[in-house]
Amino acid sequence: MGERQNAVEMRNVVKRYGDFTAVKRMDLTVPDNSFVTFLGPSGCGKTTTLRMIAGLTDITEGDLVIRDKRVNELPIHKRNLGLVFQNYALFPHKTIFDNIAFGLKYRKVSKADIAQKVKNALDLVQLPNVGDRYPNQLSGGQQQRIALARAIVIQPDVLLLDEPLSALDANLREEMRVELKRIQRELGVATVFVTHDQSEALAMSDKLVVMNNGVVEQEGAPEEVYNNPVSAFVADFLGHSNIIAGALAGDGGEVTPVELHGGQTLLTTAHQVSRVNNQQQVRAVIRAEKIALSDQDNSSADTVAIPGKVKTVDYLGQMARYFVTAAGRDWQVINPIDYRPFGEGADIFMHIAARNCVLLPGHAD
Amino acid sequence: MTNGWSWIRIATILVYLFLFAPVAVVILLAFNANQFGSFPIEGFSLRWFNSLLHNDAIVRAFKTSLLLGALTSAISTTIGTMAAVAMVRYDFPGKKAISSLLIAPILIPEVVLAVALLLFLQFLELPKSFGLLLMGHVVFTLPFVLLVVQARLVSIRRDVEEAAMSLGATPIQTFFEITLPLMLPAVMAGMLFSFTISFDDITGTLFWKPGGVETVPTQIFAMLRNSISPEINALGAVMVIFTVALPLIATAIARHMSAQRMKAKTQN
């Protein structure tokens, strides 16, 4: 024990379907006990990657290693994985007890032990009294808990979750999200979670892997990926960003000006300048919620204020989304509502702090 | 509009009368005491049923038909189910061609199929046999099993099987534990179809049966050539009851089983 292992390692894994490459050269590790999320739009290769780990899809090139064993050719039923699907995939003709006991039957567990383990699993998912029922007698959320119980009762090496919350309605989804995370922590099982929902991904993951077009765009802790996107795709996929081309107009001091094409100047930090290796041509990424609107000019040494006019307002309850015309372009701004939102046509100032101006290299990617 | 509907209703009733009246006549005449089948019926009697039981040729034909039907449905259902699994769950070269080939016997007139199989046998210089007859029946009952099971299998989600395999079941174990139980109603229906189709068949059977072997339909056909004996009415009645009762009993059993399961469910 002691040393922290990797539950899953993918080395140069490629998946091709004829001429189409679904996953291009993937290098990835899933550390022990950790919760890793594949996030991306549909068709980005995240589900294909999960299915390769599960053994449901062949690997075209590269090595897949689970618990220090290369498993490329190992069939799914010998991999000892827990798999949870979007549509639960419970066995409709078996009772809940038999559903959960299914995997134990193939593991030479005695009858008494099976009963005990199933009971523990049902307790863990907080549905202790449903053993005699059939899947169609349970609600969607309950069925997904049973599917989870069935997957973890076999003590899998890796737990694979394929959009397990997508079929649930919004309130239940949040409840299950908390529940899922609690169970994962309690068991300490390495988990791979596939989703297209960024709030799920940000809330649950130890490590976030953002994918697009079969390529890993960025991986890291959710905060790191959110605050320091390495590409325009990541910046735009996680939340809403204003991405504007410009040029550095300083030497990389504590606060460095960036001149946007079109004339306006923003401020950024030395850390951001070092991220683009002092390249002159850059793109400034400003998240919609990091722009503070005000009816007065509150600019300071590290914050610029840009005068503008509110074009449209979307009322979102606690928040409002504004489209603001300023410095010759449209900006997207999301701000909490203080008493009442700014109205359409209001003259306002947009405040952008240097630490909220993230830089990307200038070439298009 | 109501007028239009009542016309449709009358037309429907007439069509059904036209279809079922002859069957009813045969069954009624089977209980006629008189030697000559004519209305009104003169007295109720079971004598024709009794004489059926003592007619060796008919009893032999009945046994042949039962055996042939049972073997046909067993073989057809096994092959058809396996073919359906292959068609729905796997990809292989020539899949479309094989699929249309398996369905073809439904589309080709039975006479053509019968002659073709016979010519093929002559080409191989094999004599007619019970085995050939069985083979013929399997060929043209197979599409029914295939279509019914295929339709069911399409509706069984693949991820249920994938879940079973992820839990440690081999593909074979997954088939018997998950897939087969889920498609069992369709397999049963296919079995029933192939049995009744085989039991009823006359065209193909006339071509393929070896000398001296008679099934119930060919036996009736042979007897009709001499005279219309009231025994035939009785035999017809037995056939009708048999082919109608079998599916009904099967449905009743299926209903009973699912009702039991529902009962087990609601107890909790």
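Select residues 175-199 of chain B first: the span is 100% helix and 0% strand, and its end C-alpha atoms lie 30 Å apart, where helices (H or I, at least four residues) and strands (E, at least two) are DSSP runs numbered from the N terminus. This is a predicted model, in which local features need pLDDT of at least 70 and side-chain atom pairs count only at pLDDT 80 or more, while totals for chains, interfaces and linings use all residues. Residues are numbered from 1 along each chain as its sequence is written, and chains are lettered from A and ligands numbered from 1 in the order in which they are written.

Next, select residues 232-254 of chain B, whose end C-alpha atoms lie 33 Å apart and which are likewise 100% helix and 0% strand. Both spans carry the feature "transmembrane region" in an unreviewed UniProt entry, which also places that feature at residues 7-31, 66-88, 100-124 and 130-154 of chain B; UniProt positions are given in the numbering used here, feature names are shortened, and annotations may be inferred rather than shown by experiment.

Now show the whole of chain B, which has eleven helices and zero strands and whose C-alpha atoms fill a box of roughly 70 × 60 × 45 Å along the principal axes. Of its 268 residues, 29% count as buried, a residue being buried if 20 or more other C-beta atoms, placed from the backbone, lie within 10 Å of its own, exposed if 12 or fewer do, and partly exposed in between.

Colour the interface next, where 17 residues of chain B meet 20 residues of chain A, two residues being in contact if their C-beta atoms, placed from the backbone, lie within 7 Å. On the chain B side, helix H7 (158-166) and helix H8 (171-200) each supply at least two residues, and the largest share, seven residues, comes from H7(B).

From there, select A:His77, in the loop between S5 and strand S6 (81-84) of chain A. Which residues does A:His77 contact, leaving aside its neighbours within four places in sequence? They are B:Met165, B:Gly168, B:Ala169 and B:Thr170. A:His77 counts as buried because 20 other C-beta atoms lie within 10 Å, and its C-alpha atom is separated by 8.5 Å from that of A:Gly55, 22 residues apart along the chain.

Strand S4 (residues 61-66) of chain A pairs with S5(A) over two bridges, and A:Ile66 has A:Lys69 in S5(A) as its bridge partner.

Finally, select A:Val158, A:Leu160 and A:Val192, which have the most contacts inside the largest nonpolar core, of 110 residues; such a core is a set of buried Ala, Val, Leu, Ile, Met, Phe, Trp, Tyr and Cys residues joined through C-beta atoms within 7 Å. Helix H4 (residues 140-152) of chain A gives the most to this core, with six residues. Apart from it lies another core, of 19 residues, including B:Val138, B:Phe144, B:Met183 and B:Leu192.

Conventions. Pairing = 2+ DSSP bridges.
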